[in-house]
Amino acid sequence: MTEKKLTKGNIALAEGAIQAGCRYYFGYPITPQNDIPEYLARNLPKCGGTFIPAESEIASINMVMGASASGKRAMTSSSGPGISLMQEGISYLAGSEMPAVIVNIMRCGPGLGGIAPTQGDYNQAVHGGGHGDYRNIVLAPGSVQEMFDLTIKAFELADKYRNPTMIIADAMIGQFQEPCRLVPEKPVEFPEKPWALTGRRGREPRLLKSLYLGDYEQEEHNLLLKQKYDEIQEKEVMVEMQRLDDAELIIIAFGTPARVAKTAISMAREEGLKVGLIRPITLFPFPTKQIYEHSKKAGKLLVVEMNTGQMVRDVRIAAHRDASISFYGRPGGGFPFPDDVLAEIKKALDGGPR
Amino acid sequence: MYYDVIMAGFGGQGIQTISQIVALAAIRRGLNVTFLPSYGVEKRGGRTNVTLVIADEEIGSMVTNHPRCVIAMDTIAVDKYRDQVARKGLLIANTSLVPESMLDRNDITPLALKCNDEALALGSVKLSNMIALGAFLQKTKILGFDDVEAVMDEVTPERLKHTIPANLEAIRRGMEIAGNGTV
Amino acid sequence: MNAIFKRPDSLTDAPTHFCPGCTHGIAHRLIAEAMDELGITDRTIGIPGVGCCVFLYRYFPIDALEAPHGRAPACATGMKRAQPENIIFAYQGDGDMAAIGTSEIIHAANRGENITVFFINNSVYGMTGGQMAPTTLLGQQTTTSPYGRDFNTEGYPIKMAEMLATLEGVAYSTRVALHSPKHVNQAKRAIRKAFEMQINEMGFSMVEMLSTCNTNWRVTPLEALQMIEREMIPYFPLGVFKERTGKDFL
């Protein structure tokens with residue numbers, strides 16, 4: 001077995017990018033993700049890569065677009081306000097069907113917001129953010145090891161579906177340290193890119209674009225995109241499920257709240273309360289089927305988020321109609337400690353939805 | 001086995017170092033570890049707090065508001081974390097800087113430890129963190145002296161390698177004081 | 001029989017969407033001729049901005065990436081870094097480069113990115129219907145400066161070629177015009193030189209071309225050509241503002 005090293009979440013992610021074959025990083029400083037560009041600025045040149053400290057997040061995402069259009073693996077990372085500035089570029093990437101990995105180590109909002117751990121950008125990542133009818137693939141790591149593994153996965157999914165892939169993590173996941181295996185679990189996949197712009201030598205010219213003006217062209221394009229998103233929903237759901245066999249209440253949470261929930265569930269189980277966990281690892285595609293099936297059986301759901309209620313809407317859509325859904329939200333600046341969550345578990349089991 | 005500890009003080013007191021040592025020693029013992037640092041706004045002279053969770057099972061929360069142990073190296077740390085210590089938990093306070101009157105909880109085990117004075121007696125105030133670490137090892141028994149000794153080389157940067165023997169001596173001294181129940 | 005005038009190989013036979021009288025077509029032809037002469041068509045990738053130039057890929061038989069409005073220099077940066085062996089050019093209008101994309105053009109130029117940018121300055125937003133651009137002349141009436149551009153409220157027309165020439169990373173910055181055969185020939189030489197700068201890895205090159213938009217200027221094509229000479233050149237002087245002769249940068 002490969003040795004595990006005590007590693008910070010952001011560093012595991014940055015090293016994951018390198019191991020995934022990403023050789024192009026463009027970014028602009030913003031807390032709490034600066035470990036990522038700093039690590040890559042030091043280490044990309046050592047493996048023949050390119051690091052550009054871009055003039056803005058707008059430039060960053062467009063540099064990513066240029067490198068990605070060249071068929072190369074490229075990434076940027078930022079936080080809240082910077083991710084907002086990138087939305088134009090992300091929409092173009094989606095529309096032109098270009099892969100890219102965009103990392104959001106979330107900070108609070110709206111506005112400048114504090115740097116405390118938060119999950120306020122769920123809607124932005126999962127339900128658009130940019131203009132137009134598109135979806136990002138969205139991954140939500142829950143451990144330092146997943147910061148590494150899911151970054152590799154993000155590049156593979158982005159290439160496989162020619163689609164922007166976002167990794168969203170709260171600052172806790174970015175900043176804390178755990179033992180981590182810093183080598184890929186399996187060989188990294190590199191799909192062919194018969195669409196990349198590399199100069200037309202010996203072939204017809206290629207074009208990457210998102211402007212469709214002819215009759216029905218745009219509609220046709222968007223319906224094809226929809227087909228792709230349906231395929232992603234069908235094939236790529238990742239979810240962790242724990243202690244569901246006898247569960248009368250299921251906590252649904254991602255990132256740090258899912259970690260806290262695990263501790264709270266252990267505490268609850270010690271008191272004889274039958275509680276389980278569903279942790280979406282992919283936020284799009286969302287584990288809709290899993291939530292439906294298990295909510296039918298358990299009957300009660302408790303969604304825990306570090307915001308005022310974003311993923312809970314997707315849970316409502318997914319859940320069985322007879323399931324009662326409670327919500328416990330701590331927007332950034334406050335924190336859902338294990339005993340807080342335990343108290344919510346008891347409330348939800350006693351009272352049902354609030 | 002499940003143990004959580006918050007180590008807190010001001011920057012430069014070596015909180016990072018002893019928490020790294022404990023984390024690494026636990027990993028070498030095959031235990032799961034989460035290490036959550038939170039720094040003050042300023043890098044030097046700012047606050048340093050580390051939350052460590054050590055367990056032989058999967059670790060859920062990397063955050064705790066009822067730690068089984070708090071190592072508080074100054075008054076601000078005692079003030080902030082004293083009331084959070086879990087009932088029957090352990091509060092190791094650096095009473096070279098903290099008035100003993102602050103350790104006024106009767107449902108926990110307070111350990112008043114004059115870390116700075118003991119460190120000075122060994123030659124350098126910089127050893128105060130190791131005194132605290134020694135006491136922590138002695139009181140909690142989650143790791144032994146050997147576990148810590150085995151990782152000292154790895155956590156010590158090249159330019160400080162020569163301090164390892166003095167550090168180990170300070171850890172032993174901390175264990176000794178805590179073992180004797182001297183306060 | 002020898003052909004003395006023909007369509008360059010680097011230009012397709014697609015009928016253009018440009019308005020009759022527009023000089024975009026001339027700029028396209030000159031770029032195509034330069035690509036032919038330099039033999040770089042197979043390894044050139046074009047990045048149009050948003051505006052009248054967006055359909056660049058219809059007219060050049062080369063790989064192309066449609067950039068977001070104003071961002072072509074950033075896209076070109078990422079692309080050139082990823083494939084330095086190929087020739088990358090951006091083609092921007094005045095709204096694209098001189099308004100929404102000022103940050104991207106300035107920093108690409110300042111980093112000395114080894115790319116080439118062609119800049120069509122026709123003093124209005126063409127595709128959206130003739131609104132005021134940063135390059136709109138003082139007193140010029142547009143749909144959003146109906147009483148004429150007034151420096152008190154809209155400031156002065158921005159001189160991109162001069163501004164970029166002040167940046168250390170720039171190898172070549174020039175302004176040419178497309179309104180007469182003599183000027184077209186000068187423009188051709190400038191375009192060729194700009195590509196050569198990139199081929200020789202000299203750094204950032206930019207050619208600003210004073211261009212007509214007779215539709216939005218609401219004049220005949222002929223009057224539009226005369227307006228370049230009469231109204232644009234006095235404010236936007238032609239010339240080479242920076243030309244690096246060797247790899248003399250620090």
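Before you select anything, here is the term you'll want: a polar contact is a pair of N or O atoms within 3.5 Å, where, inside protein, one atom must be able to donate a hydrogen and the other to accept it. Keep in mind that this is a predicted model. With both partners at pLDDT 80 or more, 19 residue pairs are in polar contact across the interface of chain A and chain C.

Now color the side of chain A that touches chain C by class: you'll get 18 nonpolar, 8 polar and 9 charged residues. Which of them gives the most? Go to α3(A), with 8 residues.

Zoom out and show both partners: 35 residues of chain A and 32 residues of chain C take part in the contact. Together the two chains bury about 2,700 Å², and 56% of that lies on carbon and sulfur atoms. Select Glu55(A), Arg200(A) and Arg201(A): they supply 22% of the area that chain A buries against chain C, more than any other three residues.

How many salt bridges cross this interface? The rule finds 4. For one of them, pick Glu88(A) and Arg71(C), whose side chains meet at 2.9 Å, N to O.

Last stop: β9(A). It runs parallel to β2 (residues 63-65) of chain C, joined to that strand by 2 bridges. Click Leu207(A) and look across to Ala64(C), which stands opposite in β2(C).

Key
Residues numbered from 1 in each chain as written. Chains lettered and ligands numbered in written order. Predicted model: local features only at pLDDT ≥ 70, side-chain atom pairs only at ≥ 80, totals over all residues. Heavy atoms only, no water. Contact = heavy atoms within 4.5 Å. Buried area = accessible area lost by both parts, 1.4 Å probe. Polar contact = N/O pair within 3.5 Å; in protein donor to acceptor, adjacent residues only side chain to side chain. Helix = DSSP H or I, 4+ residues; strand = E, 2+ residues; numbered from the N terminus. Nonpolar A, V, L, I, M, F, W, Y, C, P; charged D, E, K, R; others polar. Pairing = 2+ DSSP bridges.
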